[in-house]
Amino acid sequence: EWIPALAELHEGLGYKDRGHTWRHMANQTSCYGVVEKPGTAFDYNDWHMALFWDALFTRVYGVAPEVVDEKVLRPLLTDRIGCQDEPTLLAFGAEDRAGRMAISPRDFARFGQLFLHQGTWEGDELLKPELIRRLVSEPLPADLPRAGQEAAAMLEGQRSIGSRQIPDNQCEHEGSYSWLWWINGVNREGECRWPDVPVDVFSALGHRNGMRGMAVLPSQDMVVSWNDSRIEELPEEPHPLNEMLRLLVASLSD
């Protein structure tokens, strides 16, 4: 409906991209740019995210990239939660990978606080509680495969907000990816993503394994956010965030 040109891609693959839904886009299962059909595999990449961003903001909201902060981000979200440091969806400007978010740790923590409080900010319901619960409790099935490396054509002129190679299948979902959030799910081997921290933790992670991110710890009534961390210096297994949050929770207990 929103990007009609998708319907004409891949006659030889049964016009697979006609099956795209918002659910696929928000769970990185659209398989845009690879041969798999939407919903059949996990394919975490920034070609897909650029398509998602453009469909949502330039088509649904109907705004040009250069005014997305003014028309959408600020009035509908960041102004309403009292952000202080001018968050933007144009980290490098409207002409350079529009859709990359720039936000300070304290403003990112405000976004986490909105989720911690089930979508309510100072008595004002910005998001419905049932939506908040759904977003962080519907991980992809542990047995859903990761997409392969066989590329399929994308729309002419398709941009990326980060990826440079095609395809760019960056990671496994580990049974822990839920509507753009990472949660403490269980992988194919029955192991928790973060085994040493509370099961209700959920996090927004970016830039190489979570070097920049924010985590919500409901059972501790806490939000923590960070930027340019040394997460790459932590053990790779389990996920590096496990050690960081383990130490944090232990300090609260002490």
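**Grounds for the classifications**

Analyst: In this predicted model, Arg-23 has a relative accessible area of 43% and is therefore partly exposed.

User: What makes Arg-23 and Glu-138 a salt bridge?

Analyst: The closest N and O atoms of Arg-23 and Glu-138 are 3.9 Å apart. The cut-off is 4 Å between a side-chain nitrogen of Lys or Arg and a carboxyl oxygen of Asp or Glu, so the pair qualifies. The two residues belong to distant parts of the chain, 115 residues apart: Arg-23 lies in helix 1 (residues 22-26), and Glu-138 in the loop between helix 5 (129-135) and strand 3 (177-178).

User: Why is Glu-138 called partly exposed?

Analyst: Its relative accessible area is 30%. Buried requires under 20% and exposed over 50%, so Glu-138 falls in between.

User: Which residues make up the network of salt bridges around Glu-138?

Analyst: Arg-23, Arg-134 and Glu-138 are linked in it. Glu-138 also meets Arg-134 in a salt bridge, at 3.2 Å from N to O. Arg-134, with 37% relative accessibility, counts as partly exposed.

User: How do you know that Arg-188 and Glu-172 form a salt bridge?

Analyst: Their side chains meet at 3.5 Å, N to O, and this value is within 4 Å. Arg-188 is in the loop between strand 4 (181-183) and strand 5 (202-206), while Glu-172 is in the loop between helix 5 and strand 3; the two are 16 residues apart. Both are partly exposed: Arg-188 has a relative accessible area of 44%, and Glu-172 has 28%. A search of the whole structure finds 11 salt bridges.

User: Turning to the aromatic residues, how many aromatic pairs are there, and why is the pair of Trp-53 and Phe-57 called tilted?

Analyst: The count comes to 13 aromatic pairs. For Trp-53 and Phe-57 the centres are 4.8 Å apart and the planes stand at 40°. Trp-53 and Phe-57 are both buried.

User: What makes the pair of Tyr-177 and Trp-182 edge-to-face?

Analyst: The ring centres of Tyr-177 and Trp-182 lie 4.8 Å apart with the planes at 70°. Since the angle is over 60 degrees, the pair is edge-to-face.

User: Are Tyr-177 and Trp-182 buried or exposed?

Analyst: Tyr-177 has a relative accessible area of 2%, and Trp-182 has 6%. Both values are under 20%, so both residues are buried.

User: Which residue lies over the face of Trp-182?

Analyst: Arg-193 does, at 4.2 Å from the ring centre. In another such arrangement, the charged end of Arg-18 sits over the ring of Tyr-15, 3.9 Å from its centre.

User: Finally, what volume does the largest cavity have, and which classes of residue line it?

Analyst: The volume is about 40 Å³, and the count comes to 1 cavity of 30 Å³ or more. The lining has 6 nonpolar, 2 polar and 2 charged residues; Tyr-32, Trp-47, Met-154 and Asp-168 are among them.

Methods:
Residues numbered from 1 in each chain as written. Predicted model: local features only at pLDDT ≥ 70, side-chain atom pairs only at ≥ 80, totals over all residues. Heavy atoms only, no water. Phe/Tyr/Trp six-rings, centres within 6.5 Å; stacked < 30°, edge-to-face > 60°. Buried < 20%, exposed > 50% of the residue type's maximum accessible area, 1.4 Å probe, protein only. Lys NZ or Arg CZ within 6 Å of the ring centre and 35° of its normal. Helix = DSSP H or I, 4+ residues; strand = E, 2+ residues; numbered from the N terminus. 1 Å grid on protein atoms, 1.4 Å probe; cavity = no way out; pocket = protein on both sides within 12 Å on 5 of 7 lines; lining within 4 Å. Points joined across faces, edges and corners; volume = space filled by probe spheres on them. Nonpolar A, V, L, I, M, F, W, Y, C, P; charged D, E, K, R; others polar.
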